[in-house]
Amino acid sequence: MSEQPKLASLDDSIVGRLPSHAQSLFAAKTEKQLTFADLAERLGRSEVAVAAIFYGQATASPEDVKILAEVLGLDETTLRSQVGGVFPDRGRAGPMPPVEPLIYRLYEIVQNYGYAYKAVINEKFGDGIMSAIAFSTSVDKEVDNDGVAWVNIKLRGKWLPFTRF
């Protein structure tokens with residue numbers, strides 16, 4: 001007997017901050033017992049990109065909408081009006097500082113090491129910033145020789161040098 005996948009669910013404390021389609025997408029995902037990895041494979045996108053569509057933080061392409069509607073058993077026309085061609089609303093899903101422990105730990109990393117990252121990046125690239133628009137990310141699980149699980153988060157952003165004006 002195979003084990004059922006562990007599925008991410010929608011946190012009730014942030015539902016009011018999310019677009020209305022988030023609830024129907026998460027409900028359909030749960031009903032179909034699909035992980036974000038399952039959906040990412042079908043869409044040809046990263047797991048984080050697919051999750052961002054669910055949270056209203058990314059736009060779905062027409063092909064994404066078609067596949068999501070088919071896989072999740074949702075009405076394509078309705079889904080297209082909710083996630084296709086609409087401008088995402090990024091950065092407002094949760095309170096600041098974050099209170100959800102995992103999200104807070106990511107925030108804490110930036111608080112504790114942000115200036116160190118900035119210094120090293122500036123030494124390597126010069127005066128500028130890493131784009132969060134021309135950007136990709138992935139999350140991988142690593143298990144070391146002792147059986148301890150480690151999280152690997154890769155952030156890849158285009159370098160945008162500041163220009164003289």
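A salt bridge is counted here when a side-chain nitrogen of Lys or Arg lies within 4 Å of a carboxyl oxygen of Asp or Glu. The model is predicted: local features need pLDDT of at least 70, side-chain atom pairs count only at pLDDT 80 or more, and totals for chains, interfaces and linings use all residues. Residues are numbered from 1 along each chain as its sequence is written, and side-chain values use heavy atoms, with hydrogens and water left out. The count of salt bridges comes to 3.

**View 1. Salt bridge between Glu-76 and Arg-80.** The closest N and O atoms of this pair are 2.6 Å apart. Both residues belong to helix α5 (residues 76-83), where a spacing of 4 residues separates them by about one helical turn. Helices are DSSP runs (H or I, at least four residues), numbered from the N terminus. Glu-76 is partly exposed at 29% relative accessibility, and Arg-80 is partly exposed at 36%. Buried means under 20% relative accessible area, exposed over 50%, and partly exposed in between (1.4 Å probe, protein chains only).

**View 2. Salt bridge between Asp-64 and Arg-45.** The closest N and O atoms are 2.5 Å apart. This pair links distant parts of the chain, 19 residues apart: Asp-64 sits in helix α4 (residues 62-72), and Arg-45 in the loop between α2 (36-43) and α3 (47-54). Asp-64 is buried, at 5% relative accessibility, whereas Arg-45 is partly exposed, at 29%.

**View 3. Salt bridge between Glu-108 and Arg-105.** Here the closest N and O atoms are 3.2 Å apart. The two residues are 3 residues apart in helix α6 (residues 101-125), so about one helical turn separates them. Glu-108 is partly exposed, with a relative accessible area of 25%; Arg-105 is partly exposed at 48% relative accessibility.
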